[in-house]
Amino acid sequence: MSDFYLDPLTRAAAAAERATGTERELIDKIASTPQAFWVASTDPAVAAAAVRDYTERAHTDGTIGVLVLYAVPGRDCGQHSAGGASESAYARWVDAVADAVVGTPWVVLEPDALPMLGDCDGQGDRVGYLQYAAQTLAAAGARVYLDAGHSGWLPAEEAARRIELVGLDHLDGFALNVSNYHTTEDSVAYGEQVSALLGGARYVIDTSRNGNGSNGEWCNPPGRALGERPHLVDDGSRLDAALWIKLPGESDGTCNGGPPAGQWFHENALELARNAEW
């Protein structure tokens, strides 16, 4: 049994139910692997209900649920996943989500928020928002990892500097390679650099689609593969776990033939699974 919660209600699970033969076997690779649950609705009641349902199921299962909070003001700087809560509403949104947490899930906090800090208008007091979210979620029992981009984005020194702006008082560490494709080897090398600059901070890596590494594209790039399955790590490094944070088969956006961000992209899912080494 995995240490992490296998959600039976993913788009991959639904796609596997619809598929037959070899296609079903391939999609089952995704559907049978624990993945994170993204909390992206900016309606506090809707977000809270989803969090309560998911974390309650994971808690009952006795495994670790993984949440991704994705509603920071100015989210994605107007790109494929644009949106987020308004500046005046974010704290209330965080409160609603935190109040709904059951058990002790892991949380990946606001993908791209720190790497995109200052890149566009409408971000408000982004550092303050992240500080508040980390503190509030930690108080609710969550284990919180702040997203810090990937090994091809910020220099390690700059990633560490930005994490320090938020501070590690209420964080359990940082997250790398969320929704990206950089190899585990590259991500660990980078993570260890950032960790050393932060006095040994822990981190997690998204391995969901990094089986063939990166070709430099981030939006539904062709030729990629599923990476290693999620697992806890205790190997002397500062890496806590490999996780599937991005849900493989869900589109990055309307690029390379994909549907809007988050929708099921069947051809891409099949390719990822077919190219996997397992």
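Visitor: Phe174 and Tyr203: are they buried or exposed in this model?

Guide: In this predicted model, Phe174 is buried and Tyr203 is buried as well.

Visitor: How many aromatic pairs are there by the rule that ring centres lie within 6.5 Å?

Guide: By that rule the count comes to nine aromatic pairs.

Visitor: Why is the pair of Phe37 and Tyr54 called stacked?

Guide: The ring centres of Phe37 and Tyr54 are 4.9 Å apart and their planes stand at 15°; because planes under 30 degrees apart count as stacked, the pair is given that name.

Visitor: Where in the chain do Phe37 and Tyr54 lie?

Guide: Phe37 is in strand β1 (residues 37–39) and Tyr54 in helix α3 (residues 44–61), 17 residues apart, and the pair thus links distant parts of the chain.

Visitor: Why does Tyr54 count as buried?

Guide: The relative accessibility of Tyr54 is 0%, and because buried means under 20%, Tyr54 counts as buried.

Visitor: What makes Phe174 and Tyr203 a stacked pair?

Guide: Their ring centres lie 5.3 Å apart, with the planes at 15°, and since stacked pairs have planes under 30 degrees apart, Phe174 and Tyr203 are stacked. Phe174 belongs to strand β5 (residues 173–176) and Tyr203 to strand β6 (residues 203–206), so the pair ties together parts that are 29 residues apart in sequence.

Visitor: How do you know that the charged end of Arg75 sits over the ring of Tyr70?

Guide: The charged end of Arg75 is 4.8 Å from the centre of the Tyr70 ring and sits over that ring; the distance required is within 6 Å.

Notes: Residues are numbered from 1 along each chain as its sequence is written. This is a predicted model: local features need pLDDT of at least 70, side-chain atom pairs count only at pLDDT 80 or more; totals for chains, interfaces and linings use all residues. Side-chain values use heavy atoms; hydrogens and water are left out. Rings of Phe, Tyr and Trp (its six-membered ring) pair if their centres lie within 6.5 Å; planes under 30 degrees apart count as stacked, over 60 as edge-to-face and the rest as tilted. Helices (H or I, at least four residues) and strands (E, at least two) are DSSP runs, numbered from the N terminus. Buried means under 20% relative accessible area, exposed over 50%, partly exposed in between (1.4 Å probe, protein chains only). A charge sits over a ring if NZ of Lys or CZ of Arg is within 6 Å of the ring centre and within 35 degrees of the ring normal.
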